[in-house]
Amino acid sequence: PNGGVNELGLTVEVLWLNETRAPDPDKRPYLNELEWVQHMLDTQGSTADVLQAASHIRVSPIHGQVHYMVCDARGACATLELLKGALVVHSGNRSGN
């Protein structure tokens with residue numbers, strides 16, 4: 001999938017990012033960038049769960065330079081990017097409200 005929503009209200013969407021550079025191979029299990037979406041939708045229930053799980057699975061892209069937007073039923077959202085071979089997460093409310 002290029003994105004979706006699971007039964008717990010977790011949403012994962014794929015977005016393009018030219019600066020994406022995946023991590024080098026290591027001992028972690030790996031999924032391609034679209035398998036990662038399906039895995040998170042099948043196994044996680046919240047943005048916090050995804051953020052914890054993401055560090056344990058390496059993305060090995062075969063389709064394109066992507067990053068992810070994740071939101072859950074409580075309204076918690078984050079973007080996950082692969083920059084310079086590292087996972088970079090942005091989350092929280094920047095407006096201060």
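This is a predicted model: local features need pLDDT of at least 70, side-chain atom pairs count only at pLDDT 80 or more; totals for chains, interfaces and linings use all residues.
User: What makes C71 and C77 a disulfide?

Analyst: A pair of cysteine sulfur atoms counts as a disulfide within 2.5 Å. The sulfur atoms of C71 and C77 are 2.2 Å apart, and the pair therefore meets the definition. A search of the whole structure finds 1 disulfide.

User: Why is the disulfide of C71 and C77 called right-handed?

Analyst: The name follows from the torsion about the S-S bond, which is about 120°, so the disulfide is right-handed.

User: How do you know whether C71 and C77 are buried or partly exposed?

Analyst: Buried means under 20% relative accessible area, and exposed means over 50%. C71 has 17% relative accessibility, so this residue counts as buried. C77, at 31%, lies in between and therefore counts as partly exposed.

User: What makes β5 and β6 a pair?

Analyst: The same cut-off of at least two bridges applies. β5 and β6 have 4 bridges in the antiparallel sense, so they qualify as a pair. The bridge partner of Y68 in β6 is L80.

User: Which strands stand at the edges of the sheet, and why?

Analyst: The open sheet has 5 strands in the order β1-β2-β5-β6-β7, with antiparallel pairing. β1 (3–5) and β7 each have a single partner strand, so one side of each is left without a neighbour in the sheet. From one strand to the next, the twist averages 20°.

User: How do you know that the buried residues of α2 are on the same side?

Analyst: The buried residues of helix α2 (residues 47–54) are T47, V50, A53 and A54. They cover an arc of only 130° around the axis, which puts them on the same side of the helix. On the other side of α2, A48 and Q52 are exposed.

User: What covers the buried residues of α2?

Analyst: The cover includes α1 (33–43), β5 (66–71), β6 and β7. The helix α2 lies across β5, β6 and β7, running at about 20° to β6. For its part, α1 lies across β1, β2 (11–16), β5 and β6, at about 165° to β2.

How values were computed:
Residues are numbered from 1 along each chain as its sequence is written. Side-chain values use heavy atoms; hydrogens and water are left out. Buried means under 20% relative accessible area, exposed over 50%, partly exposed in between (1.4 Å probe, protein chains only). Helices (H or I, at least four residues) and strands (E, at least two) are DSSP runs, numbered from the N terminus. The arc is that of the directions from the helix axis to the C-beta atoms. Contact means heavy atoms within 4.5 Å. Axes are lines fitted to C-alpha atoms, for helices over the stretch in contact, and angles run from 0 to 180 degrees between N-to-C directions.
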